[in-house]
Amino acid sequence: MSWPNWFFFPRVVEVQDLTGSGGMGQTFGSKRNVDAEVIDERSLVIGPDGREVVSNTRVTVPLDANVTLGSKVTVWPGGSAERQAKVVRVGRDENDPPLPSHLVLYLT
């Protein structure tokens, strides 16, 4: 049995990958659309610097989306709830078929 991709990832988010940082600040790549599941909920996560951070949104994307820590993600693009947030934690969940493997992104 095979499940369509939209079953697990019914939304689309816009991702701008963090490409570098230096004395002039951070640089980001071009926007790209990624299929996703978006859940607006608050949770306490450990950020990249080891401090506790409140995440307001959890986004699940296919494993091959390769979204990295520090990237910018726009959720609910084009709608009244559209907002852009930074990825502060990335989790990985690998599953056996028919379930897809995916990344779990925690956004500030």
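Biologist: How many bridges join strand 5 and strand 8, and in which sense do they pair?
Modeller: Six bridges, antiparallel. Two strands count as paired if DSSP finds at least two bridges between them. The strands are DSSP runs of E with at least two residues, helices are runs of H or I with at least four, and both are numbered from the N terminus.

Biologist: And where does this model come from?
Modeller: It is a predicted model, so local features need pLDDT of at least 70 and side-chain atom pairs count only at pLDDT 80 or more, while totals for chains, interfaces and linings use all residues. Residues are numbered from 1 along each chain as its sequence is written, and side-chain values use heavy atoms, with hydrogens and water left out.

Biologist: Back to the strands. What is the bridge partner of Thr-60 in strand 8?
Modeller: Val-104.

Biologist: How many bridges for strand 4 and strand 5?
Modeller: Eight, again in the antiparallel sense. Ile-46 has Glu-52 of strand 5 as its bridge partner.

Biologist: What is going on at Gly-50 in that hairpin?
Modeller: Its phi is positive, near 90 degrees. The hairpin of strand 4 and strand 5 has five residues between the strands.

Biologist: Which residues other than glycine have a positive phi?
Modeller: Asn-66 is one, with phi near 50 degrees. Trp-76 is another, at about 55 degrees. As background, most residues other than glycine have a negative phi.

Biologist: Where do Asn-66 and Trp-76 sit?
Modeller: In loops. Asn-66 lies between strand 5 and strand 6. Trp-76 lies between strand 6 and strand 7.

Biologist: Is Asn-66 buried or exposed?
Modeller: Exposed, with a relative accessible area of 55%. The cut-offs: buried is under 20% relative accessible area, exposed is over 50%, partly exposed is in between, with a 1.4 Å probe and protein chains only. Trp-76 has 25%, so it is partly exposed.

Biologist: New topic. Which residues touch the most other members in the largest nonpolar core?
Modeller: Val-13, Val-59, Val-61, Val-73, Leu-105 and Leu-107, out of 16 residues in that core. A nonpolar core means buried Ala, Val, Leu, Ile, Met, Phe, Trp, Tyr and Cys residues joined through side-chain atoms within 4.5 Å.

Biologist: Which elements give two or more residues to this core?
Modeller: Strand 1 (11-16), strand 4 (32-46), strand 5 (52-62), strand 6 (72-75), strand 7 (83-93) and strand 8 (102-107). In soluble globular proteins, nonpolar side chains tend to be buried together.

Biologist: What does Val-13 touch?
Modeller: Leaving out residues up to four places away in sequence, its contacts include Arg-32, Val-34, Ala-36, Val-59 and Val-73. Contact here means heavy atoms within 4.5 Å.

Biologist: Arg-32 has a charge partner, I take it. Which residue meets Arg-32 in a salt bridge?
Modeller: Asp-17, at 2.9 Å, N to O. Asp-17 lies in the loop between strand 1 and strand 2 and Arg-32 in strand 4, so the pair ties together parts 15 residues apart in sequence. A salt bridge needs a side-chain nitrogen of Lys or Arg within 4 Å of a carboxyl oxygen of Asp or Glu.

Biologist: How many salt bridges does the structure hold?
Modeller: Five. One of them joins Asp-40 and Arg-83, at 2.4 Å, N to O. Asp-40 lies in strand 4 and Arg-83 in strand 7, so this pair ties together parts 43 residues apart in sequence.

Biologist: Which residue forms a salt bridge with Glu-41?
Modeller: Arg-58, with the closest N and O atoms 2.7 Å apart. Glu-41 lies in strand 4 and Arg-58 in strand 5, so parts 17 residues apart in sequence are tied together. Glu-41 is partly exposed at 33%, and so is Arg-58 at 24%.

Biologist: Last one. Which residues form the nonpolar patch on the surface?
Modeller: Trp-3, Trp-6 and Phe-7, with about 380 Å² of accessible area together. Patch residues have over 30% relative accessible area and no salt bridge; nonpolar side chains (Val, Leu, Ile, Met, Phe, Trp, Tyr) are joined within 5 Å, like charges within 9 Å. The areas come from the Shrake-Rupley method with a 1.4 Å probe, and for residues only the protein chains shown count as cover.

Biologist: Where does Trp-3 lie?
Modeller: In the segment before helix 1 (5-8). Trp-3 counts as partly exposed, at 36% relative accessibility.
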